[in-house]
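Let's take a walk through a protein model together. Have a look at the picture first, then read on.

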Amino acid sequence: MDANLSATKTKTTPYKIQKKGRKKYTKHFHYSREREREMEFFSHKGKYNLLGQKPPLSHDTNLHTHLSLSLYLSISFSSLLLLFVLMETSTAGVDAAAPAGTPGNHSLKHQHSHSHLPSQHHASLSSSAIRIIIISGISLIIVLLLILLIVVMLRRLKSAQNRTSGFKDNNGCINNTSCKFIAHTTITFTSSPDVKGGCLYGSNLGHKSPRKYEGVQVFTYKELEVATDRFSEANVIGNGGSGVVYRGILADGTVAAVKMLRREGRQGERAFRIEVDLLSRLHSPYLVELLGYCADQHHRLLIFEFMSNGTLQNHLHHRQYQPLDWGTRLRIALDCARALEFLHEHTVPPVIHRDFKCSNILLDQNFRAKVSDFGLAKMGSEKINGQTSSTSVLGTTGYLAPESASTGKLTTKSDVYSYGVVLLQILTGRVPVDTKRPPGEHVLVSWALPRLTNREKVVEMVDPALRGLYSKKDLIQVAAIAAMCVQPEADYRPLMTDVVQSLIPLVKNLSSISSSASSRFQN
């Protein structure tokens, strides 16, 4: 009996099973716009950052507030002083005119006060004039001081804006609003390590003890030379496009992976800064931990926790490495899904990895997977799916989503497509692009997508290294998940939360089967 899976262009059930009794395979993929709107609401509720803190007022906001207050006070004080001067002037005029404005009284008292009136009149005029002069001088001085204060504040505001814009231009911020790592806070890439005097924090080679940056240790180049035996070829454990990775032993005895980055202009420096900035704040058991970094002079190195079993790429495609059994592959798929779920739905704004692939998935001593290499990562918007745009197309051929490759449009669904390609590799043991295969089989997604809807063809696609040791029921479910993730249209791809919820029952079944088998063995 064939179970044909056919994609229908509906917003609520983009992938539908036609025959009865098969809906259980895709029951977790019934997602809707209501769920996405609900997720968006809860991600914005409260407007707190990841540390649970309310956002502080920005420097520019304080300056504008002080400037407005100063203008208001200066205008009010000037008006009051002007009114007081006018009142004093009018009072003086009345006092001066009173003796001369009553001729009858003047004639009656002419003989008694003729000698006193001129002296009183002149005394009144002189005292009023003195008061007017003093008040006018004081008011002029105060107004000048207020004007000077306003000029100083305007200069401070202009210099602050110039420093902010200049730093953004030099560091190539991701976009105008997403330079912030956490929405509604003042955390920007200015908190990233700055190069001062040839190295981060101005530390010189071997002269200052390591310091902490957001819980991450700062190393000197000399310390890392000692840790890696002068970067010996015998300690090389990886060599990729971004740099060479060495195995090293730190001063405290910790075994670490030391990655020496290749500096290729501004892009290499940007990748270094982004990786330090992100991994010093992102903490998840499904992401490789950043232990420290080094930026002495022209050197750029990153120090990560050591993952003893290397990359998923090696175990899937290189014969000298131990092949992975079915249960291990399912656990790796779930770990990777949890990593992307954390980036997309537990971080505000969401983080788009942008280069999710098998060589960036590392395995520890228990073959638990962690995602690494955030040099191309990008912060999305706070809208649904974290949509953003990019003028340059970056990533790895075979893993790029169609919309990213053609238009540069990036969303969290771009990572979902890359995850689907990795899931196909786990199922088939094939690489994303292989020109050595027969025509029609060069591109993994193009070859696999039509076959994922047919049960018999799915069985034929399975990696021969598994030797038939897998559950067909679980295989059909994983094939359905992969088919959903590599849909050409981004709207039809699932959220990573849906993928996680679909894989959890499969991994739990593995655990129950293994525990029952061990109990039977003991009996």
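How many bridges join strand β9 to β11? Five, and β9 (residues 255–261) and β11 run antiparallel. Before going further, note that this is a predicted model, where local features need pLDDT of at least 70, side-chain atom pairs count only at pLDDT 80 or more, and totals for chains, interfaces and linings use all residues. Residues are numbered from 1 along each chain as its sequence is written, and side-chain values use heavy atoms, leaving out hydrogens and water.

Strands here are DSSP runs of E with at least two residues, and helices are runs of H or I with at least four, numbered from the N terminus. Two strands pair if DSSP finds at least two bridges between them. Here are the two partners of β11:

As for β11 itself (residues 301–305), five of its five residues are buried (under 20% relative accessible area; exposed is over 50%, partly exposed in between, with a 1.4 Å probe and protein chains only).

Now for another part of the model. I147 sits in helix α5 (residues 117–171). Is I147 buried or partly exposed? I147 is partly exposed, because its relative accessible area is 46%.
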